[in-house]
Amino acid sequence: MRHMRFTEILRSGWLVAALIPASFAVAQTPPTPAPPQAPDGAGAVSGMSTMGGNSTGAAAKPVYDEQHRPITAGGFVTTGPVVFSDISKSSGIGAWTHVMGTPAKKYILDADGSGVGLIDFDNDGWLDIYLVNGSTFDALDGKQTPPHAALFHNNHDGTFTDVAAKAGVTNDRWGFGVAVGDFDNDGWPDLVVTNYGKNRLYRNNHDGTFTDVAEKAGITLGNWSAGATWGDYDGDGRLDLFISGYIHFDRNHLPESGNKEVGYATCKFRGVVGMCGPRGLQGEPDHLFHNNGDGTFKDVSVKAGVNDPTNAYGFTSIFVDLNGDGKPDLLVANDSVASYLYINKGDGTFEDDSYVSGFAVNKDGREIASMGLGVGDYQNNGLLDIIDSDFSDDYKVLYHNDGDASFTDVSYRAGIAQASIPFLSWGDAFMDYDNDGLEDIFIANGHVYPDADEHDWGTTYAERPLLFHNLNGEKFEPVPPVLGTGLADVIPARGAAFGDLFNDGKIDVVINPIDGPAVLLRNVNPDKHHWVELKLVGGPKSPRDAICASVYMKVNGKTHREDVMSGGSYISSNDQRLHFGLGEATDPGTAEIHWPSGAKQMVKLPGVDRIYTITEGVGITGALCGGKPCEAEGTVAAPAEK
């Protein structure tokens with residue numbers, strides 16, 4: 001079956017290449033034909049054949065609302081379901097502002113924005129917020145104070161206080177991604193922050209402060225790192241680290257339209273000269289770092305088979321078990337070239353199944369400008385599906401897992417394709433916003449070209465988010481943006497992270513817009529559905545934070561699956577507590593936990609609307625009700641079994 005899928009992709013990708021618009025790309029796997037010259041106004045960047053710009057669809061017909069506003073900043077309604085309330089100002093996080101490059105966005109380094117990490121850094125049971133900041137050339141040269149990252153401590157009352165300076169995590173470098181993981185298994189979450197320049201590894205000191213140990217750890221690298229993800233790929237009980245490389249950006253040889261660094265090509269989007277890249281620029285390799293258990297890491301990228309020899313433009317990456325064999329596989333969203341899916345072979349190496357799986361390209365055999373990845377089981381069949389955000393003039397891709405980590409692009413069939421075409425998308429996730437037991441889709445949007453508002457493209461620089469409601473696992477429908485609510489926020493979004501910030505069983509969204517104040521969308525959906533959340537604690541043979549554990553729960557005759565992940569969305573890190581919407585069910589049933597160690601454990605959950613802590617081999621070791629400790633009476637836990 002997988003061989004037949006590979007043949008179909010070759011047929012749809014290679015043989016149809018001559019028929020697709022000139023701005024599209026041919027898959028960059030050997031042999032790699034040079035893309036044809038793109039005419040002005042077609043899809044992405046035109047000029048010499050070596051400058052492909054962004055891989056995207058043909059220039060789409062503009063879409064306007066009744067007031068002739070581009071749909072990306074319009075289409076509002078006055079009445080409808082109120083899902084999110086923007087509490088950025090009242091919460092305190094709106095006082096912090098992201099900065100990246102210059103407003104003109106002359107270079108691609110200026111335009112891609114940064115991620116968000118949700119982390120309970122002080123282990124008080126409440127999620128805190130880490131916001132990565134960018135920088136400027138003047139700041140790097142010591143001519144101005146560098147922009148600081150923020151660490152917002154959750155005050156348990158709907159407000160947050162920035163403690164980044166006290167905690168020692170301001171970064172003060174040109175920041176991009178963040179991933180949360182307890183790499184030293186001491187029970188306290190640590191942070192890796194990827195940068196243009198040296199990366200950071202902030203080890204948690206257990207007292208509200210962190211120490212940067214990246215130099216000793218050996219993971220600093222030095223050019224442009226983007227996404228990061230933690231996962232125990234070799235089953236030794238310690239978290240390993242994957243970092244995707246984006247573009248090799250040389251300040252002494254800046255890529256500008258028409259200059260030598262871009263082969264004298266003219267870099268255009270829809271006929272307008274702008275920033276160059278990513279295609280046509282030199283990429284950065286990816287890196288897999290094995291955890292040695294002594295605070296150091298070893299680069300095993302080549303040995304493991306994930307070193308990215310073509311230097312693709314890597315953004316978001318996620319370790320997650322896609323084929324259900326108990327070993328974490330690896331997803332890498334690549335911008336404008338084929339994306340990667342690596343299957344873990346269980347011997348310390350990975351098999352590149354990018355094309356065989358159907359994940360490398362979309363249903364047309366065409367590469368997309370992948371930015372963010374959301375992973376979840378939207379059909380409640382125990383199989384993990386993928387939502388892949390990408391550029392404007394292209395639909396956002398929903399990959400359905402057909403089993404054995406084989407994927408089919410069902411975007412049009414599922415109803416998310418057409419509505420998403422005008423939007424340029426970044427952070428994304430499967431999230432059950434109304435706790436009806438079905439995972440919905442949230443996508444944060446914002447363009448990269450500041451002058452998008454000045455042209456008749458049907459799109460804007462600042463854009464509203466998209467929320468798609470899951471209809472019985474078969475189709476999705478857009479949730480209308482009600483004026484005055486979070487879905488009507490028009491912002492140049494980039495990173496987004498998803499989690500229960502108020503311990504009320506509802507998933508909230510934190511967005512890091514480029515060059516703007518942080519945004520917190522509180523979930524205020526009026527549903528009265530039930531839910532449970534699980535915080536997993538690994539045993540001696542698993543990572544302490546149980547990253548890459550899978551949990552299956554049968555509710556109302558359907559199997560819900562959730563996985564502990566680090567990384568995802570757009571170079572961000574979500575709440576690692578697992579959230580299960582239960583609908584009207586008052587009995588949450590039994591959780592079947594597949595631990596990273598290979599052990600399986602059944603734990604009966606005694607009640608709904610609680611956040612349970614479950615320890616491997618023990619069972620329920622704590623519970624929160626309304627954000628406060630509650631009794632976990634009636635706990636029934638079976639011992640872990642191999």
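Analyst: What follows goes through the disulfides one by one and then turns to a further cysteine.

This is a predicted model, in which local features need pLDDT of at least 70 and side-chain atom pairs count only at pLDDT 80 or more, while totals for chains, interfaces and linings use all residues. Residues are numbered from 1 along each chain as its sequence is written, and side-chain values use heavy atoms, with hydrogens and water left out.

A disulfide is a covalent bond between the sulfur atoms of two cysteines. Here the term is applied to a pair of cysteine sulfur atoms within 2.5 Å. By this rule there are two disulfides.

One of them links Cys 267 and Cys 276, with an S to S distance of 2.0 Å. The torsion about this S-S bond is about 100°, so the disulfide of Cys 267 and Cys 276 is right-handed. Cys 267 and Cys 276 are both buried, where buried means under 20% relative accessible area, exposed means over 50%, and partly exposed lies in between (1.4 Å probe, protein chains only).

Another disulfide joins Cys 625 to Cys 630, and their sulfur atoms are 2.2 Å apart. The link of Cys 625 and Cys 630 is right-handed, with 70° about the S-S bond. Cys 625 has a relative accessible area of 27%, so Cys 625 is partly exposed. Cys 630 has a relative accessible area of 19% and is therefore buried.

With bonded cysteines counted along the protein chain, the disulfides follow the pattern 1-2, 3-4.
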